[in-house]
Amino acid sequence: MGSFKGHVLPGTLFLLVGAWHVWAAVARFAADPLGFRLRVWNPVGDGALRHLELYVIAGGAFLDMCIEVLYSTHLHFLAPGGGVNPAHLNDLEHGGMLLMFFLFGALALISQKTSRYLPLTEGALCLVGATAFTAEFLLFYFHSTTHQGLEGYYHYLLVVLIGLCIVSSILGALLLESFPADLASGLLITLQGLWFYQTAFTLYGSMLPEGCHRDVDGHVECHGHAAGERGEQLANFQLFAYVFLVFVYALGCYAVAAARYGHPDLRTMHATAMERRENGADRGGFVGSSALSREQGVI
């Protein structure tokens, strides 16, 4: 993954799956808010494309794994004297991480196609997904210790996003009727995909900050502390911009879903929540007024 395409390929996978997950979760909640149930994967219609999301996950992870293990190493992952070639340990580590996502997609497909032999509940699939994210977290956490400066900071922010994906997956397994947990999972996966893209364009593309350059080995170096600090501040701003973008996307999905599939219960729940909020504000004002009157009486 230490290249432009090595970040864009998994970024595309996370972005597509995450964006679809957000829309599907919002649409299901708008259509039936009281009967909402979390889903690890979401079907695309009822026809031949029903399991498209799982095919994208399993197929995309397998393709990326083959690129890391076979293409990037040119099949020279074994050293001439025996053992693993140290020059390609990085590629094999990435391949092991991608294997976990391939297994997640494959297990979910098998569970759907042959539920008689491998019946996995949504909670179990959430934990399998959390395991895949944990493998990714461990890889980047320990692997990122080899990155220094701006390169290390971009990967540090990626590790933070992966950790949040783990938390959201575990919460999904515990709160199977929670719409916020389902939505948060999709938002974080989308955000991770966008950050993969940003990392690719910044560290390996044309968006390298001013005052920084790539050395002969491809590592990013910044001229002085000020240039490195400016690059990190730029990374913080980029992450904030993506958080805002994902937030706007979720709001847009909710507005469209409420208009197209809005269940009467959705408006009832909204009206009830607003009524409780107004009543609570009124009671708070009355109590405050009573307390003030008592205080004035004592005086």
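1. Basis. Residues are numbered from 1 along each chain as its sequence is written, and side-chain values use heavy atoms, with hydrogens and water left out. Because the model is predicted, local features need pLDDT of at least 70 and side-chain atom pairs count only at pLDDT 80 or more, while totals for chains, interfaces and linings use all residues.

2. Helix pair. Helix α5 (residues 149-174) and helix α7 (residues 224-261) have axes that come within 9 Å and cross at roughly 30 degrees. That makes α5 roughly parallel to α7 (angles under 35 degrees count as such). Helices here are DSSP runs of H or I, at least four residues, numbered from the N terminus; axes are lines fitted to C-alpha atoms over the stretch in contact, with angles from 0 to 180 degrees between N-to-C directions.

3. Contact residues. From α5, Leu150, Tyr153, Tyr154, Leu157 and Leu161 meet Gly231, Glu232, Ala235, Asn236, Gln238 and Leu239 of α7 (contact means heavy atoms within 4.5 Å). By class, this contact of α5 with α7 has seven nonpolar, three polar and one charged residues (Ala, Val, Leu, Ile, Met, Phe, Trp, Tyr, Cys and Pro count as nonpolar, Asp, Glu, Lys and Arg as charged, and the others, Gly among them, as polar).

4. The largest cavity has a volume of about 300 Å³. A cavity is a set of points on a 1 Å grid over the protein atoms alone where a 1.4 Å probe fits but cannot get out, and lining residues have an atom within 4 Å of a point; the volume is the space filled by probe spheres set on the points, which are joined across faces, edges and corners.

5. Lining. The largest cavity is lined by 22 residues, with Val40, Phe104, Phe133, Ser185 and Ile189 nearest its centre. By class, the lining has 13 nonpolar, six polar and three charged residues.

How values were computed. Helix = DSSP H or I, 4+ residues; strand = E, 2+ residues; numbered from the N terminus. Parallel < 35°, antiparallel > 145°, perpendicular 65-115°, else oblique. 1 Å grid on protein atoms, 1.4 Å probe; cavity = no way out; pocket = protein on both sides within 12 Å on 5 of 7 lines; lining within 4 Å.
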